[in-house]
Amino acid sequence: MTSTTVTVHGVCDRRFAAVREEFERNFETRGEVGAAVAISLRGEPVVDLWAGTADRDSGRPWQKQTSVVVFSATKGMAATCLHMLADRGELDFDAPVASYWPEFAANGKAGVTVAMVMSHQAGLPVWHEPLPERAMLDWELVTGRLAEQAPQWEPGTTHGYHAMSLGFLEGEIFRRIAGRTIGSFLADEVAGPLGAEVWIGLPEAEEINVATTYLAETNPTSPIFSKLMAEPEWFGWKLITNTGGDGAAAMVNSRERHAAEIPAAGGIATARGLARLYAPLSADGSMDGIRLVAADAVPLMSKIRAASDIDTVLRVPTTFTLGFSKCWGDRRLGQGEHVILGEHAFGTPGLGGSIGFADPEAGMSFGYVMNQHGSGVGLNDRGQSLIDAAYRSIGYSSSASGPWTR
């Protein structure tokens, strides 16, 4: 790969010099186009770096305020909102979804709990019937169909990544309880008070700051692609093909999608915003006088609810809590097929390699966003190298198959 030199902007505490070095290396040898990384340690911003190009055609540079679609890193934003409802006594994770959303009980789902939904155990990873074009922009359509259909497996018996459906399920549960959308709650009660640049439903005034997303080619050697090739009738085909055109680059980069609330994969953020969102969760649930949840709610966010050697959908090892991901996979699987974090960390990675997470043991929150996607279902070498450097900077170590530990 051709070496590229870029000017890196921002600040980096000398303790995290290795993070800056890896960030520069991402542009020099790993194909980064535009990106940002931000880290807070015990609430103090210690890394806030950005560089590269936000849009290739115009040459628009990546600037301090540049944001980008973060795909499944959105799931952590949505999960935070649900945990806040639970902390206020308005949501019971162990209650049936149908107790809040009666129509959801159809076709054998009366016993599906909120916890099963949030930990990818509900058996609703895909829409069975063909979706029309632009379906992901039609909230009533996609949530109504999820309420009507039968589970793909017996809920609670296994787990498989609910890539798009999770956000609509969580969002409708939230709406039924709170009487408002999850995106408006995030804006008013999380992002606003914290000053975090994160959105589920982007205001038009912010559109000018959004970087163009460049999607990756499919990795033909990935476990999920191999499954698709070996079993063309496997339901996973619907995960890829039955999206109403949502995966097309033109849709991903459209104002219409940016404005929509797609709580599993439509969020837009800066790296700084993700690190700020997770800062209270890397402590006792509060930061700078802003409390998101009580201190005893933070361990619940990190507690494993579903883990296996083979995710029913992604075909790699995955580990989920209530709405968040943990460290999963193995470096030996190759880049794009693992997410290696601290053993107490929780967050969510996004398609292409973005990620936000909190590590309460380390007192660290982290955000990384970029516009040139890597392939695979986890992190690629760009994001993982930054995480590895961050943990090394605070004295942690890791094996090939394990998480970062003290």
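The model is predicted, and the protein in it has 13 helices and 14 strands. With 406 residues, a compact globule would have a radius of gyration near 22 Å, and the 19 Å of the protein agrees with this.

**Overall form**

- Along its principal axes, the C-alpha trace of the protein spans about 55 × 45 × 45 Å, and buried residues make up 58% of the 406 residues.
- The protein exposes about 14,800 Å², of which carbon and sulfur atoms supply 50%.

**A sheet and the helix packed on it**

- An open sheet of 3 strands has the order 5-7-6, and its pairing is antiparallel.
- The edge strands are strand 5 (68-71) and strand 6 (198-199), each of which pairs on one side only.
- Strand 6 and strand 7 (residues 267-269) pair in the antiparallel sense over 2 bridges, and Trp199 has Ile268 as its bridge partner in strand 7.
- Helix 2 (residues 74-87) packs on the sheet and touches strand 5, strand 6 and strand 7, while its direction makes about 100 degrees with that of strand 7.

**Nonpolar cores**

- The largest nonpolar core has 81 residues, and those with the most contacts inside it are Met77, Leu91 and Val190.
- Helix 2 contributes the largest share of this core, with 7 residues.
- Leaving aside its neighbours within four places in sequence, Met77 is in contact with a set of residues that includes Val70, Val198, Trp199, Gly267, Ile268 and Ala269, and also Leu186, Ile200, Leu274 and Leu277.

**A buried residue in a loop**

- Leu314 lies in the loop between strand 10 (306-308) and strand 11 (318-320), and it counts as buried because its relative accessibility is 6%, where buried means under 20%.
- Leu314 and Ile182 are 132 residues apart in sequence, and their C-alpha atoms are 26 Å apart in space.

Methods. Residues are numbered from 1 along each chain as its sequence is written. This is a predicted model: local features need pLDDT of at least 70, side-chain atom pairs count only at pLDDT 80 or more; totals for chains, interfaces and linings use all residues. Side-chain values use heavy atoms; hydrogens and water are left out. Two strands pair if DSSP finds at least two bridges between them. Helices (H or I, at least four residues) and strands (E, at least two) are DSSP runs, numbered from the N terminus. Contact means heavy atoms within 4.5 Å. Axes are lines fitted to C-alpha atoms, for helices over the stretch in contact, and angles run from 0 to 180 degrees between N-to-C directions. The radius of gyration is taken over C-alpha atoms; the globule rule is 2.2 Å times the number of residues to the power 0.38. Buried means under 20% relative accessible area, exposed over 50%, partly exposed in between (1.4 Å probe, protein chains only). Accessible areas come from the Shrake-Rupley method with a 1.4 Å probe; for residues, only the protein chains shown count as cover. A nonpolar core is a set of buried Ala, Val, Leu, Ile, Met, Phe, Trp, Tyr and Cys residues joined through side-chain atoms within 4.5 Å.
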